[in-house]
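I opened the model today and went through it piece by piece. These are my notes, in the order I looked things up.

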Amino acid sequence: MNVRVFLVAIFWANQALTQGFSGLGTEAEGFAVPDPDYRISFPQDHGPHPDFRIEWWYMTATLQGADGRDYGVQWTLFRSAMAPGDVEGWQSPQVWMGHAAVTSADQHRFAERLARGGIGQAGVVSEPFQAFIDDWRMAGIEEMQLIARGDDFAYDLSLSAQGPLVLQGVEGFSVKSPDGQASHYFSLPFYEVTGTLSLPEGVVEVTGDGWLDREWSSQPLSEDQEGWDWFSLQFDNGARLMGFELRGSETDFTAATWIDADGIATPFEDGDIRATPLQTTAFEGREIPTTWRVELPGRNVDVTVEALNPRAWMGVSFPYWEGPVTVSGSHSGRGYLEMTGY
Amino acid sequence: MLSVTDLTKTYPSTEGPVDVLRAVSLAVNGGESVALTGESGSGKSTLLHLIGGLDRPDSGEIRLMGQEISALGDAARARLRRDRVGLVFQQFNLVPSLTVAQNIALQARLAGRVDTRWIADLTERLGLAGLGARYPEQLSGGQQQRVAIGRTLANRPALILADEPTGNLDEETGDAVLSLMLGLAQTTGAALIMATHSQRLAQRFSRRIHVRRGRLEAA
Amino acid sequence: MPAFLTLLSHWRRHPGQLATLILGLALATALWSGVQAINEEARQSYARAAATLGANGYERLEAPGGGPVRREDYIALRRAGWLVSPVIRGRMDIGGESWRVMGVEPLTAPPDTLPRTNERGEVDPSAFLTGAGQAFVADGTEIDPDRRISLEFIPHPDVAPGLILTDIAVAERMLGQSDPTFLILLPDQPAGLPDLASVTDLVRVQAESGEDLSRLTDSFHLNLTAFGFLSFAVGLFIVHATIGLAFEQRRPVFRTLRAIGLPLSRLITALVVEVTLIALLAGAIGVMLGYLVAAALLPDVAGTLRSLYGAEIAGALAFRPLWAGVGLGIALVGAWLSAAQALWKVARMPLLAAAQPRAWAMASARSMRGQAVAGAALLAVSLATAVFGTGLVMGFLCLGALLLGAALLLPGALSLALRGIAARLHGPLAEWVIADTRQQLPGLSLALMALLLALAANIGVSTMVGSFRLTFLGWLDQRLVSELYVTAADNDEAAEIRAFLAPMTDATLPIAQTETRVEGRPVSVYGIVDHATYRDHWPLLETIPDVWERLSQGAVVLVNEQMARGKGLSLGDPVRLAPDLSLPVGGVYSDYGNPTGQAIVSLDLLERHFAPIDQSRTAVRIDPEQRQTVIAAIEAAFDLPEGAVVDQESVKRASIRVFEQTFRVTGALNILTLGVAGFALLASLMTLSTMRLPQVAPLWALGETRARLARIEVVKTLALVVLTWGVALPVGLALAWVLLAVVNVEAFGWRLPMQVFPRDWLWLLSLSMFSSTLAAGYPALGLLRTPPSQLLKVFSNER
């Protein structure tokens, strides 16, 4: 799953800090709530759901450069509504936020864009699919173009879906706590990626694998949940594993989905997957676990997950850690790790 | 103590330069009292001014206690006056905004050697006791001149230069003031040179010198 | 130290002289530093307005022909990767006051456009971004509730006074404008962007940095500064005179001190220290007084700046140590300047010179001639600058040369006048009086020069203000012809009101208005319908034939005098109001009291070329008798707030109130300057009177009574004052002419016809006669009370 950060209060950082991620656990007044009976359908569910409080289009890609180095790329568009629904013009209650990053073993470059809805500066169109903010773009589903730009980097990638779309949880209804918090959640975890990264050192041709997450909800966290650790792993044998742990003040909540190489998905319940920090990295006064042991006994998975760049810190309006990882142990491969609430 | 040699001074005037003093020489010993007599404009005052360092001679030499003063700068001459010389003027020249007591002590304080007992004694002898808090304008002319003499003597000068000090006083008061001045000069051992046009007063001095057209003549 | 104490003892014996010196210097410092404090406060306000929160401190993109930026242009730039942020800006009247509204877009704006938090940490971002709306205002701001907006106002120290800083969506609702006024161009842009010109035709405009306001208000501050200097100069007359007197009186003391052994250098040092100590004391008092003066005047200055220029300055005065230091410094410099001449004299005084106190500042006939020559030269300079000079600084140079030249000529002129009078008088006493007055003249001349400066300034400024007032009132009568003015909540309601009123009135004229920029300067554009109201009453200064017909055909534009003068426009010159609208000037109208340019086109053109226009106000022509009936009808039919319907009289009253406020500061400074001059006269007479005995005693001995002599003393002073007033009159009128024809045109952009107010002059004459009677009366009373023994002393000794 991608229960990811999104804050209404992004432009008042101190305000956001005092509220923390628990802001996502507040009541969903007036907003639609996820419904287990809802059946996801396309193309409309590629598009936005303005009646829900939060939503995101989240692409991560693990890449190899022609220069022989490993890279990770992130492209995310968040939507947050201050009130349900949308209107045209400045009065729109929708707020959009884009994050983009390029990570290598020794560099982590990122950028952020914010936009108000209703005026055409940012948004998502379901058919033909396009998600955009300013000049950043994610266009097309099966064949996708992905563009972003920051002060010191830019990338232009072509992605091609090699496997099926996967509904997370039960029919795309992903439970997030014992209290019943949930989201609608689906993924496209089988993108093949080619393209270029423009970096201060020069232009780098890259190829690799991409993973798109789509999720929307109105109250994805329960009151006592403070943050999460989320893994999307692509094993060399073609299988995929999505797993997360929501850290609560009392108890933690976990969930996972095993995806076979042919795209058959199997959901796992609370407690089936275990993630144990092995090593931490100090960053801006925080201790962040950048090496993990991840176990899914039901699939004989026992791997060590290690950050390609332990300093993949997203120092945006509301900071979090997001970066590519390498996998070794019972299975080998690569993937992406996201950690919030540290 | 004082030796003046070949002193010459010329002032410009509308009718051309006037030789006020012509090669004047004079020696005065400590404790001596000298009266300079002569007509108005004969050069008495100029001689006093030059000796007091108020003005510079054109040529000649003035030695006061071994020091050649005509060569000194303004500040040094001022210091010499302050420490060694007492000046008494016809116009009294008191500071109107200071009291009698402050006026008497003024020069001694400028010189930085105030002898309180001596000043009290002096004030008593000058007959100014009880007038110390008054201002000059509240005094008679004779009283004002006695304050001026007190100011001079409070500093125990080696040389007193007096320019017609009784000129503004009636005869009786003038005589009294002169007696005081002579007596006090004797008491302190100071030399006194006084310019006066009165032959009668001059009789009371140990030496009399007549000044005529810029030259000295023994009287 | 004894020497220094001896010098100081003089002041203990002459406390009046010391008080005069300190008061004179303190007054001079007070007025000067008071004016500086006001200017400084205003400058700080302008700087705050530009540099604090809000979008003014950034480079921006504007529509090439003025007018708003289309939202599509904004989106095109963002989609091309350019980091720009939209701002909707305008003015809104709330509770009878005009507010600047600035709506920023917090998601894209630079972080320092909005407060991070207020002092109590109570900023709720989601409330700011949506909901009822929140707005930041300057600390201490009070805004009357208004039904058109329901905003929560949050005071914040970094918001400029008069500004409502809010979200762009709130500003859109408040101003009824959805296209941005301009775009902020963020200072840091991503690498590899396409050229700006390939994306948009918007033009880059430099950051505002408060320069617009500074430029507009420069003239006003220069005005204040000129007054400050005038007062300072008048004060220095006092100081110079008093120091000169004190030095003259002490000449014998200086000589005695040197004779008994004080070197000249130490005497000079002691005198400099003395002057410095007195200046520091007086300066400190002056700075405190100056602060009080500034604090008292500041609200009026704020009112003036708001009504004249729309510039907001804080109403409270901050105490700035630097300012106080500069105030002390100017007191020191003033005192040293005033003492320089006296010190120079002491330094050059021969030790053996006659120690008699010479008559104070006894100027010889030769120096009077020298003064007269210098004065005449200055008048020539003044005339030359009036004829050939341009610009505000030249205007003030012209004024300064005029005043100073006249002051320098005064003693000579008075002397001549006295001689002329003497030729007509017979009798020994009269001859003596005239001769004695002429002898007194040099001693009084400095005080009389100060009085001349103050009188001339008073006449000049009141003539200017009076002319302005008469012209303004006449212009108001011309311009405000409609019987009623109705303000609706928005354009739609205004249209309904007009439709409702149409059957019961002679005419309902929409007041349609929008803001644009012409050649980078803000201009208000009004659209009018063709109606006799305008044809018959509009105050046109210059016009082409059939201007109203041509205007209604959309063929010409009318511009106000300010705009015509500012841009050098003549009839027929083209004015580009919008990218697609350029019209020739068909007429120029007077528009007093308005700081900015204004243009009038036909309503039709306005609607076609300017997207959002404010038409919420309506002028209503009715039979004046029907006024109350119509007001009642509107109020019954529409839910209008208080103040939405005003009649002509109220508008006039409000306009006149603004006008009066505008010149209150000038009036106050005027009176203060006159007061200082009166004090200078008093001080001079008092000090002179102490030297009068020798002159008066012989007359008394010859058989005049003291009472009669005292009367003569007063009459002589009055005669001098009346003569001075006679000289001040033409100087003051010349001053008024320069103010009206040179300074006002430069400062405000309009020229006014000069009118004269003889009644004011007479009032001023009687005022100065009254004050000089007081000033001369006290010394005369002293003379009256002088015991004969004192007079006798003159003969018994020479003091």
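Ground rule before anything else: I call two residues in contact if their C-beta atoms, placed from the backbone, lie within 7 Å. This is a predicted model, where local features need pLDDT of at least 70, side-chain atom pairs count only at pLDDT 80 or more, and totals for chains, interfaces and linings use all residues. Residues are numbered from 1 along each chain as its sequence is written, and chains are lettered from A and ligands numbered from 1 in the order in which they are written.

**Entry 1: chain C against chain B**

I looked up how many residues each chain puts into the contact: 21 from chain C and 21 from chain B. On the chain C side, α1 (2-13), α8 (251-259) and α9 (264-309) each supply at least two residues. Helices here are DSSP runs of H or I with at least four residues, strands are runs of E with at least two, and both are numbered from the N terminus. The largest share of that side is seven residues, from α1(C). I also sorted the chain C side by class and got 12 nonpolar, six polar and three charged residues. For the classes, Ala, Val, Leu, Ile, Met, Phe, Trp, Tyr, Cys and Pro are nonpolar, Asp, Glu, Lys and Arg are charged, and the others, Gly among them, are polar.

**Entry 2: helix α3 of chain B**

What does α3(B) pack against? Its buried residues pack against α2 (74-84), α4 (116-125) and α5 of chain B, together with α1 of chain C. I count a residue as buried if 20 or more other C-beta atoms lie within 10 Å of its own, exposed if 12 or fewer, and partly exposed in between, with C-beta atoms placed from the backbone. By that count 10 of the 12 residues of α3(B) are buried, and the helix is mostly covered. Gly112(B), with a positive phi near 75°, follows the helix.

I then took the pair α3 (100-111) and α5 (141-153) of chain B: the angle is about 35° and the axes are 6 Å apart. Axes are lines fitted to C-alpha atoms, for helices over the stretch in contact, and angles run from 0 to 180 degrees between N-to-C directions. From α3(B), Val100(B), Asn103(B), Ile104(B), Leu106(B) and Gln107(B) make the contact. Their counterparts in α5(B) are Val147(B), Gly150(B), Arg151(B) and Thr152(B). By class, that contact has four nonpolar, four polar and one charged residues.

**Entry 3: a sheet in chain B**

Chain B has seven helices and 10 strands, and 48% of its 219 residues count as buried. Four of the strands form an open antiparallel sheet in the order β2-β1-β4-β5. Strands pair if DSSP finds at least two bridges between them. β2 (18-28) and β5 (67-68) of chain B are at the edges with a single partner strand each, so one side of each has no neighbour in the sheet. β1 (2-11) and β2 of chain B pair over seven bridges, and Leu7(B) has Val24(B) as its bridge partner in β2(B).

**Entry 4: strand β17 of chain C**

Is β17(C) enclosed or open? Six of the eight residues of β17 (614-621) of chain C are buried, so the strand is largely enclosed by the rest of the structure. β9 (484-487) of chain C runs antiparallel to β17(C), joined by four bridges; there Thr487(C) partners Arg617(C). β10 (507-518) of chain C is also antiparallel to β17(C), with six bridges, and Leu509(C) stands opposite Ala619(C).
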